[in-house]
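Here is a quick tour of a chain, put together for someone who likes to check backbone angles and packing by eye. Open the model and follow along.

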Amino acid sequence: RYDRPLAVEVWYPAADGATGDTALKAFIRDGKTEVTLQGKAMRDAEPAQPDAAYPLVIISHGYPGNRFLLSHLAENIASKGYVVASIDHTDSTYRTKAAFGSTLVNRSLDQLFVLNEMARISSEDGSFLKGLVNTDDTGLIGYSMGGYGAVITAGGGVTEASVGFGWGGPHGTLAIHQAGSDTHNKLPDPRIKTAVAIGPWGMNTGFWDAEGLKGIKIPMLFIAGSEDMVSLYEKGVRAIWENASSVDRSLLTFENGGHNTAAPMPAPEESFRDDADLGFNVSSHYTDPVWDTVRMNNIAQHFITVWLGKYLKSDAAMDDYLDLVENSNDGVWVWALVPLGVVAQMVNEYNLHRFVFHLPPPRRQWAFDLLYVAHYGHHDFPTNTKLFFVPIWVALPMVLVNGLALWGILALFGVSQ
């Protein structure tokens, strides 16, 4: 036995007009370089007092990582009405990395420990969390080994074979998570209503089988890259998703994405260098060879927001955002409408000039004056800046007519709301 202190960073909705420092100090992958991360969240800002306490979301990083690796996601989720607690897992951070067995045994225990501590602290008088967070409605987000822990916490018990791995949990200690054991059967906490596992590790090395994954008791969203060489895809993340057959679950796949898909923050500028001790470029811990990190993060934020809204806030409107075609490339591409837009603009311009702007001059002076301001004057005085654009009383009806036409076209494709 030994002490395993866990540092936890907490994000929460801030009161209107709150102020504070938006910089975070964090160590990067080499464990030596401390950098300054700039976000929008303000440290120690006055919390926004809700009518009802906010749901809790716990974030669990990979091996190695730290509580800031998914800080972009924590900040985004908190801004939508959640309290977010991101863990520094002792023995798994860049500066405390130790034997892998500790992570295998302790990851799920850490997640549940932080849930219990958040519940305790939020019940204490004088705590800034009192009345702010509802730990009875908790979601769990894990990346890589954090995803491994999330699967176990959700009820997915490990195989007997994995308990005996020589490089795994020492002295059979992983047996507490073995499928069917009394200790594992008691593990799932009813306060955790859903989980998101990004690139969860474990299926690729025999830690689960179909029977163990049937033990998952809560809805889960899985996120993966189809070219993940660490957790694998077909025999890794996708296999977990397929075998978690007892619950509602979804799989978001980034085609050609690797293990860094959707989770890590954008690589800090200081990470773009080779490190002799690591034996690789530090930035490769954050980047993907194919996908832009910010774009992946934005897509993940969208779907995680939807998932948490559905299962933590019981927001039925979120269902519409999960009613999707299986392959996004089979959907309607906006760029495919560009040629149609060019043709429509040509037809629109011709008809507007032929049947409106170039009508025979009206006999009534007021009508002539209107048409002159709308278009005639542009030909007489082409350099007059006041006649460059049509007046607002012409532009608004044009926008309305064209907007209705666009809505009708989109309706034909089934994409209008």
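Asp44 sits in the loop that links S3 and S4. This is a predicted model, so keep that in mind throughout. The phi of Asp44 is near 60 degrees, which is a positive value in a residue other than glycine. Asp44 is also exposed, because its relative accessible area is 71%, and exposed here asks for over 50%.

Ala262 has a positive phi too, about 75 degrees, although Ala262 is not a glycine. Its loop runs between S9 and strand S10 (274-275). Is Ala262 buried or exposed? With a relative accessible area of 3%, Ala262 is buried, since the cut-off for that label is under 20%. For a cis peptide bond, go to Tyr63 and Pro64, where omega is about -10 degrees. Pro64 belongs to the loop between S4 and helix H1 (71-78).

Strand S2 (residues 23-27) and S3 run antiparallel, joined by five bridges.

How do the side chains of S3 (residues 34-38) point along the strand? They alternate: Val35 and Leu37 go to one face and are buried.

## The open sheet

Seven strands form an open sheet with mixed pairing, in the order S1-S5-S4-S6-S7-S8-S9. Strand S1 (7-11) and strand S9 (249-254) are the edges, each pairing on one side only. Ignoring direction, neighbouring strands of this sheet are turned by 20 degrees against each other on average. At one end of the order, S8 and S9 pair in the parallel sense over six bridges, and Ala224 has Thr253 as its bridge partner in S9.

Two helices to look at next are H7 and H8. H7 packs on the sheet and touches S8 and S9, with its direction making about 155 degrees with that of S9. Helix H8 (residues 293-311) packs on the sheet as well, touching S4, S6, S7, S8 and S9, and its direction makes about 165 degrees with that of S7. H8 has 19 residues and spans 27 Å from its first C-alpha to its last, close to the 27 Å expected at 1.5 Å a residue. Asp292 caps the N-terminal end of H8, with a side-chain oxygen 3.2 Å from the backbone nitrogen of Val294.

In soluble globular proteins, nonpolar side chains tend to be buried together. Here the largest nonpolar core has 50 residues, and Val83, Tyr148, Trp208 and Met220 touch the most other members. The elements giving two or more residues to this core are strand S4 (54-60), strand S5 (83-88), helix H2 (100-122), strand S6 (133-143), H3, strand S7 (192-198), strand S8 (220-225) and helix H7 (233-243). Which of them gives the most? That is H2, with six residues. Apart from this core lies another one, of 41 residues, among them Ile198, Ala267, Met296 and Leu312.

Leaving aside neighbours within four places in sequence, the contacts of Trp208 include Tyr148, Val151, Ile152, Thr159, Trp201, Leu213 and Ile240. Thr159 lies in the loop between helix H3 (145-153) and helix H4 (160-163), and Thr159 counts as buried because its relative accessibility is 11%. With neighbours within four places again left out, Thr159 is in contact with Gln178, Gly206, Phe207, Trp208 and Asp209.

## Back at the start of the chain

Leu6 is in the segment before S1. Which residues does Leu6 contact, leaving aside neighbours within four places in sequence? They are Ile87, Asp88, His89, Thr90, Asp110, Phe113 and Val114. Leu6 and Ile87 are 81 residues apart along the chain, yet their C-alpha atoms are separated by 6.7 Å.

Technical notes
Residues numbered from 1 in each chain as written. Predicted model: local features only at pLDDT ≥ 70, side-chain atom pairs only at ≥ 80, totals over all residues. Heavy atoms only, no water. Buried < 20%, exposed > 50% of the residue type's maximum accessible area, 1.4 Å probe, protein only. Helix = DSSP H or I, 4+ residues; strand = E, 2+ residues; numbered from the N terminus. Pairing = 2+ DSSP bridges. Contact = heavy atoms within 4.5 Å. Core = buried A, V, L, I, M, F, W, Y, C linked by side-chain atoms within 4.5 Å. Axes fitted to C-alpha atoms, helices over the stretch in contact; angles between N-to-C directions. Expected span 1.5 Å × (residues − 1). Polar contact = N/O pair within 3.5 Å; in protein donor to acceptor, adjacent residues only side chain to side chain.
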